[in-house]
Amino acid sequence: MTISVRKLAASQTEAFDVEYISNEMFELVAKPIVERYSNDRPFNLLDVGGGNGIYADKVLEHFPAANVTVIEPEQTLLDKNRPHPRKSLLACTFQQASQQNQQDIIQFNWVLHHFVSNSYELTLQAQRAALTEAYQNLKPGGMVFIFENFYEGLWVSDMPGQVIYRLTASDSLKSVVARMGANTAGVGVCFHSESVWKSMLREAGFQEMYVTHCYEFGNLSPVKKACLGLKSQQVGFLVAVK
């Protein structure tokens, strides 16, 4: 069964016309690539939700044998890509692209939490399906790279992400949630704790994985954190090997 994934409006995607990966964070990406491919061994990287292509350009600059495919459903972002002989552009969603056993690396930079559907249960299925698809699209020994915001629960590990999804995905609460600063109001967003992402990766078939904690973030008031059951927020980098 194909699960429909909600799509942000063009006006909502304007906020993502930036590059979040600093030079220090890029070193986390470069390390496993250098260990496996060095600087002269060709490899293919699929940048899911690659937007304006700034990250893809950074990979191409650092690795002269790399080939990068940017998948981006929002045409206004895709149009911002600079042409490059080793860069390909696909105007579609990850779910619409079929590239089994063609990729050495598949990267999700703060993308998986946008794979949301019409209920929380369907959203979990859509995220699991995406990771399973990534596993199938990788060559043997290929890697998936994931930058994500980990929302760790105070009482229940994954409670904050579930509450945030239900608030942001609600059509009736759209105007209220938007005024509170949620850019994804009316469509939804679904974060998870570190342990849940790891569990999803194992279910997809990945057994070898590791995580690096990059930095803590967030400026929610104590009241808002209590309402979400939120203990902490931090950016993490996950690497999983097929």
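His 114 sits in the loop that links β4 (103-109) to α5 (120-137); helices (H or I, at least four residues) and strands (E, at least two) are DSSP runs numbered from the N terminus. This is a predicted model, in which local features need pLDDT of at least 70 and side-chain atom pairs count only at pLDDT 80 or more, while totals for chains, interfaces and linings use all residues. Residues are numbered from 1 along each chain as its sequence is written, and side-chain values use heavy atoms, with hydrogens and water left out.

Is His 114 buried or exposed? It counts as buried because its relative accessibility is 18%, where buried means under 20% relative accessible area, exposed over 50%, and partly exposed in between (1.4 Å probe, protein chains only). Leaving aside neighbours within four places in sequence, His 114 is in contact (heavy atoms within 4.5 Å) with Val 5, Arg 6, Leu 8, Phe 16, Thr 184 and Val 189.

The largest nonpolar core has 35 residues, and Phe 94, Phe 108 and Leu 201 have the most contacts inside it. Such a core is a set of buried Ala, Val, Leu, Ile, Met, Phe, Trp, Tyr and Cys residues joined through side-chain atoms within 4.5 Å. Two or more residues each come from β1 (43-48), β4, α5, β5, α6, α8 (194-204) and β7 (230-241). A second, separate core of 27 residues includes Leu 45, Ala 66, Val 68 and Leu 78. In soluble globular proteins, nonpolar side chains tend to be buried together.

Follow Phe 108 for a closer look: beyond its neighbours within four places in sequence, its contacts include Val 48, Phe 94, Phe 115, Ala 130 and Ala 134. Phe 108 is also in contact with Val 144, Phe 145, Ile 146 and Phe 147.

Helix α3 (residues 54-62) is worth a stop too. Tyr 55, Ala 56, Asp 57, Lys 58, Val 59 and Leu 60 are buried there, and their cover includes α2 (23-37), β1, β2 (66-71), β3 (87-90) and β4.

Now to the outside. Trp 155 lies in the loop between β5 (138-153) and α6 (159-169), and Trp 155 is exposed, with a relative accessible area of 60%. Asn 219, in the loop between β6 (208-216) and α9 (222-228), counts as exposed at 75% relative accessibility. The C-alpha atoms of Asn 219 and Asn 67 are separated by 38 Å, and the two residues are 152 residues apart along the chain.
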